[in-house]
Amino acid sequence: MKELITVRDVSFQYPNEDKEALRNLSLSVYKGEWLAIVGHNGSGKSTLTKLLNGLLLPTAGEISVEGYSTAKEDELWDVRRRVGIVFQNPDNQFVGTSVRDDVAFGLENFGVPRDEMIQRIEDSVRRVNMSAFIDAEPHHLSGGQKQRVAIAGIIAQKPSIIILDEATSMLDPMGRKEVIETVKELNEKEGITVISITHDLEEAAKADRVIVMMQGEAKSQGTPREVFQNEQLLLEAGLDLPFSLKLGLALKEQGVPLKEQYITQEELVDALWTLHSQG
Amino acid sequence: MDITLTGLTHRYKPKTPFERLALDDIHLSITSGSFLAIIGHTGSGKSTLIQHLNGLLKPSEGTMQVGNLTLSAQGKKQPLKELRRRVGIVFQYPEHQLFDETVEKDVMFGPMNFGVSEEQARQRAHAMIELVGLPAEVLTKSPFDLSGGQMRRVAIAGVLAMEPEVLVLDEPTAGLDPKGRREIMDLFYRLHKEKGLTTILVTHSMEDAAHYADRIVVMEQGRVYLEGTPSEVFREREMLQRASLDVPETLQFLLEWQQRSKQALTLSSFTIEDTARVIAQSFGEKGDEHAR
Ligand SMILES: Nc1ncnc2c1ncn2[C@@H]1O[C@H](COP(=O)(O)OP(=O)(O)OP(=O)(O)O)[C@@H](O)[C@H]1O
Ligand SMILES: Nc1ncnc2c1ncn2[C@@H]1O[C@H](COP(=O)(O)OP(=O)(O)OP(=O)(O)O)[C@@H](O)[C@H]1O
Ligand SMILES: [Mg+2]
Ligand SMILES: [Mg+2]
């Protein structure tokens, strides 16, 4: 698989801090994958995000996006148009006085022609189900509506990599599923690479790959099945097991002889059904 | 402290083309010492509702009573200062309540504003920062130089330091890591019990609503759509789904299993252990030796 982002031996220290926020981090992001990044509060996830589009520069090491280095000023623009970030707090992202203007602003920056711009704005706002609010002021929306608009703003830009930094944390359960589905569609149909930073382990369990961050280091990388095997590490990293794994363990404790670990609910129900039919 | 809302209505930007009816004739009583969860999809009016509780928003119509204090649409002299001393709100976005140069000053501000001595306020600040799981080093940092989850914890510490009698939490665990989420919810619950607080939790976690609340109110388009104990509310799956909500994941799983195994099963609580027990029994009833 083609490597899109390369992070090599990267460390980062905020000015006036005595501890590094990221330490000797190396990782790759591949074209078309859905990568979940999980980790405790303060483990360095958002810092990494800001390094990936050159908002912050590494104090050591190197980051490149499709061959462009974030450290070279004349390549920064090429990096930024490829990496679209939905930040943790949408308020910091809004610039326009209406949802329409706000989405437009990002596109004007990239020189999208006017006709196409109008098309893209309407399309992206519709995709996140916010068409009824297209003339509303972004700062005067509800918490979850703000997150939907922030996502529309990035979708409209059609970046090759979308980073969601806890971008659905304020959505109701169905809304969250819907929005994740929308992004999943872009991921599958248009090959957009997705990096999703999340505390929702059920969501992470559905990713192609998971990275566990802990104290500024990547402690574990692999498929969800591999990563969620290691209960000890997850607990140390301030995490927990996804629902189906926990329920699986509780069922075993009750004497149900499940053989494996099942990381999705569908797998667990199927396994139970097989046992039940044999019993 | 008993709280009563009578015909509470709120319009944003009234008499403009942007007028929006966010709360529509809400009647609600919250008994002193109870734990209420408010759920409802995005934009249903939850944050608008709770911002009335400490007078940040004023009713367009109707009244709100907190103990002996009344906030009303017509009222000239609203008892805001007293209201804010009694009712502490953790906002949906922590950035909206952090403002001072350092974390320590930020947490001390509330108590000092209500007459607590500087020394005592400092002590409270240090104790609260520890309670919310942050290291003492953060006290001297700017609250804006923290990660999202760390900011959230500081905002919570600031509200707890005021020792309110009514604790209002607007999605207080969004942005917390899974371990922190559990610890902070348990902390709220412990304080709720120990200090006899009246607690109002706005949440998108059906699991937390099921686990901690005595009663649940479901909001939909600015109205109260459903109300009852967790088991009453989560019996109404279809109604919840129509409001773009659902039952807790334990019950979802059980229903899925029930459909597969064609057995009628009932869950008495919504915990994982209980769910596992009920499912294990469904093996037992088939005369399977696996279940104990
Ligand atoms: N602007 C800043 N100045 C100084 N230190 C900072 C700044 N922003 C973050 N930090 C520190 O850097 C570390 C990593 O923060 P970061 O925001 O990357 O964490 P995170 O993994 O995104 O956490 P969360 O899950 O809470 O969002 C934390 O210890 C934090 O306090
Ligand atoms: N300051 C404001 N000006 C105008 N309209 C507003 C304002 N704040 C909220 N609204 C609108 O009022 C309605 C209710 O918003 P509210 O913030 O109470 O919803 P909520 O239930 O808290 O949603 P969420 O779960 O997304 O936080 C929404 O349609 C929203 O767009
Ligand atoms: Mg973060
Ligand atoms: Mg809200």
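Start by selecting Glu33(A), in the loop between strand E2 (22-30) and strand E3 (34-39) of chain A; helices (H or I, at least four residues) and strands (E, at least two) are DSSP runs numbered from the N terminus. This is a predicted model, where local features need pLDDT of at least 70, side-chain atom pairs count only at pLDDT 80 or more, and totals for chains, interfaces and linings use all residues. Residues are numbered from 1 along each chain as its sequence is written, chains are lettered from A and ligands numbered from 1 in the order written, and side-chain values use heavy atoms, without hydrogens and water.

Glu33(A) has 4% relative accessibility, so it counts as buried (under 20% relative accessible area; exposed is over 50%, partly exposed in between, with a 1.4 Å probe and protein chains only). Its side chain reaches the backbone nitrogen of Tyr30(A) at 2.8 Å.

Next, select ligand 4, a magnesium ion. Which residues coordinate it? They are Ser47(B), through OG, and Gln92(B), through OE1, at 2.0 to 2.2 Å (donors are N, O and S atoms within 2.8 Å of the metal, or 3.2 Å for Na, K and Ca; water is not among the atoms, so sites may look incomplete). Ser47(B) sits in helix H1 (residues 46-52) of chain B, and Gln92(B) lies 45 residues apart from it in the loop between strand E6 (87-90) and helix H3 (103-113). Both are buried.

Stay with Ser47(B) and show ligand 2: a polar side-chain atom of Ser47(B) lies 2.8 Å from an oxygen atom of this ligand. Ligand 2 lies between chains A and B.

Methods
Polar contact = N/O pair within 3.5 Å; in protein donor to acceptor, adjacent residues only side chain to side chain. Near = heavy atom within 4 Å.
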